[in-house]
Every structure is written in C-alpha cells, then in structure tokens.
Amino acid sequence: MTLHQPENNEHAERTRAERLARRFTELYGHAPDGVWCAPGRVNLIGEHTDYNDGLVLPFAIDRAAMVAMRLKSASDPAVGIADLASTYAPDGGDFSHAAFTVAELAPGSVDGWGAYPAGVAYVLSGLGGVVVPGFELLLDSSVPTGAGLSSSHAVEVATIVALNDLLGLGLNHPDLARLTQRAENEFVGAPTGIMDQSASLMGRAGGALFLDCRTLESEVVPLPLAEHGLSVLVIDTKVAHSHAHGGYAARRASCERAATTLGVTSLRDLPTADAAAPAPFLDALDQETARRVRHVLTENRQVLETVERLRDGDLSGVGKLMTASHVSLRDDYEVSCPELDLAVDAALNAGALGARMTGGGFGGSAIALIDATQLDQVREAVLRTFADHGLQTPDIFTVLPADGARRISLGS
Ligand code: ADP
Ligand code: MG
C-alpha cells in the first residue's frame, strides 16, 4: 500500500499544474497568466513559540495548494472583481465559487474559503502605491483542511506569490510572510503567528526551516530522513481544531500578560530555561501562567537542541526532543487533546523514535519520526488503538520536506 504520494517530483507537479491550467481555461474561457503553488507544513518542533518572538523548526511538506491566476482588468482597477473557484467544496459539492470586489473589501466581509485570497488582496491593497485589480483564480489543494497542516496559509501564500509576481511588487519572503499573517489576523480573524507562512514560503526540499520569529532570519537545516532510513508519519486525528481559535487566543493573551508582569517585551527576552533549574522569576506568576511560560522557555531551548542534534546526525536524539515537546505541550501548555495523546502514545509504543502533536493543537495532527521499515507496524498500531477506543479512523500518511512556494513553469 502506498502511503505517500510524492509531489515534489517535478514531472508530477507540472502535470498537475497543466491540468489546473486546462481546467481554468474551460471555466473562465481563457488561459491563466500562470500557476503557483505553496505547500502546507508540519512543525518538527517549536510550538506556540512563534508569537512569543521565539524559535521554530517546521518544514514545508509535499502537499501543496496550487492556484492558476489571471489578472482581470489591470487597466480598470475600479471594477476589481475577483472571481474564485476551488476544486474543493467545503459543502461536499463538486466545486465552490466565491467572488468579491477588491475595493469594497473589509475585515469579515467575505466568508468561507474566499476569505483567504480576499484577505491577501485586502492587505496588498492597503500598501501605499499598490492597486490590486480584479483577478480570476482557480484553486486546487492537496493539503487536507482543518488537519493542522496549515491548508489556510497554503491558500494565502499561493495567492500572494501569484499577485506578487503578476503585479511586479518585488516583495521578499519576510514581507510576504508578514502580509499573509496580517491577512489571516486582520481579515479572516484567526490570531495565528508567523511560522506557517514562513515555512510555506521559505521551506526547502530535504531540510527543516530554523526560523527566528523575531527577526525572520532563517536557515535551512538538513533533515536527511532517507539517509537515516527514517520517515515522518502524519496522523490526522480528524478532530477538528474547533476550539483552536478560542484556546489559541487565550494562550497568546496569557503569554502577553506574563511578559508585562515580568517587564519584558516578549517571552523571548527571558533567559532560556535550564532543564534542571526552574527559573526563579516564574514565582512572580500564578501557577497556570507559570506553566505556560515554562513551556515557551523549554520549547525554545528544545528547538536549539534539535538543531544541534540534526547537525550531529543524531536523529534518535531529535525523536526524544519531539516527545519531550509533546509532554510540555500536553502538561504545561495544555493544548493537546485525548486523541492527539493517544496517537503519540500508540506511535511510541509501536517503536517510533519520537512523536508529538504538530500545529496549534486542540485536534488536528500528530507527527511521528519512525524507522521507514516500521511504517506498517506503527500505522496498524495507531489504527488499532483508535478503533479500540471507538474513535474515528485517523488518516495516516508520510510527508517529505519540500520546496517552498514557487511559480510552476508550464510546458511550452
Ligand atoms: P488548517 O489551516 O489547519 O488546515 P484552517 O481552519 O485554518 O485549518 O483552514 C481551513 C480552511 O481553509 C478551510 O475551511 C477553507 O476555508 C480553506 N481552504 C483550505 N484549503 C482549501 C481548498 N483546497 N479549497 C477551498 N478552501 C480551502
Ligand atoms: Mg490554518
């Protein structure tokens, strides 16, 4: 059984892009100006640190949103109507349409999936000297939605790189990351950090993105899975992260309050936690807030340690740190859920080198670092555990570190 459908294979990707361009032509009556893609991501380690100006180590995955786009009325921006279609229909139908007038966009004015491209058009329109005309867009994504693999940012990033190219805006990766964050925060209304878009923009095949969320300085650290005979398995628990926005906002607020109490701009300014010696300044906080802060400090340190382990080629050490990260997210940050804990425990019991929830939590996916020869064993164990607990069957598949967002050149 094939668990993995590689998409970073150039040929498969171009075939997919050409199919999308043909579909675009059928739908809109003319060819697109181009096709762009932007991957989803998993986070190897560094969770809930991005909005604390901290450190993260995600990688872009070989599942991506693809958009075909054509600018509509560059000469007459006053009628900047965007026409959108997605091959994925949240209501279960075949196809889903959306439309909006760029000049009339206001936060919350577009519902459903159209809010993501609209949010991008909105923030770009707010930049001095930038006029976003109407456009036609066709979206097709292989990033599962609501699984914590950041399908929403994949849509936003694919849209923004397309508009950046077509409008000749010349925005760099950090600019694009900050703008898509604003699209999601200000327009869609989800208080997400900067990690997901950055991974989607700056990820590289074969590596993880070591990103400082304060400066957006980044470095690709090789993640030689195949060389070590390893795979990264995603276990999508199918638990919608429906409490995510509320819980996420509460965690952010808690970190901001703690920073104020401790007299720092962000938790990044606190000394990195020593595993053995709990930081004395935590005594100034109530117990719950102290646990939240301890997670952030521990997690930043564990990102640094993971980068060191990767540099040393110690992948089993990476696995241990992943599991330690899960424990901290479960016990100190309290953003896991029973299904994620079960997925992690089942994978570890079946021989995984490490496992953790990935993404914001409260549902979504776990990842496990496993020996490639144990794929079936781990998969069966997780499926059996979920069945024994009467839970929905999870989706289980492997992912590879893939290249970040880019234009796809179509055949001549
Ligand atoms: P996640 O980003 O973890 O997948 P979100 O709830 O943040 O979950 O984003 C999922 C939303 O993104 C979907 O409900 C939909 O509005 C939009 N979306 C993502 N992929 C697609 C797609 N292929 N077609 C249409 N909408 C999509
Ligand atoms: Mg999202």
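Which strand and which helix each supply at least two residues of the shell around ligand 1? They are strand E5 (135-141) and helix H3 (151-166), where helices (H or I, at least four residues) and strands (E, at least two) are DSSP runs numbered from the N terminus.

## About the model

Welcome! This is a predicted model, in which local features need pLDDT of at least 70 and side-chain atom pairs count only at pLDDT 80 or more, while totals for chains, interfaces and linings use all residues. Residues are numbered from 1 along each chain as its sequence is written, and side-chain values use heavy atoms, with hydrogens and water left out.

## Around the ligand

Ligand 1 is surrounded by 17 residues (a heavy atom within 4 Å), and the closest are Ser 86, Tyr 88, Trp 113, Gly 146 and Ser 151. Helix H3 gives the largest share of this shell, 3 residues. By type, the shell has 8 nonpolar residues, 9 polar and no charged; Gly counts as polar here.

Now for the N and O atoms. An N or O atom in the side chain of Ser 86 is 2.8 Å from a nitrogen atom of ligand 1. Oxygen atoms of the ligand lie 2.6 Å from a polar side-chain atom of Ser 151 and 3.2 Å from a backbone N or O atom of Gly 148. The protein buries 84% of the 570 Å² that ligand 1 exposes when taken alone (Shrake-Rupley method, 1.4 Å probe).

## Two domains

The domain assignment, automatic or from a database, gives domain 1 (10-221 + 401-408) and domain 2 (224-399). Their C-alpha centres lie 26 Å apart. The contact (heavy atoms within 4.5 Å) takes 36 residues from domain 1 and 44 residues from domain 2.

Definitions and conventions: Chains are lettered from A and ligands numbered from 1 in the order in which they are written. A polar contact is a pair of N or O atoms within 3.5 Å; within protein, one must be able to donate a hydrogen and the other to accept it, and residues adjacent in sequence count only if both atoms are side-chain atoms.
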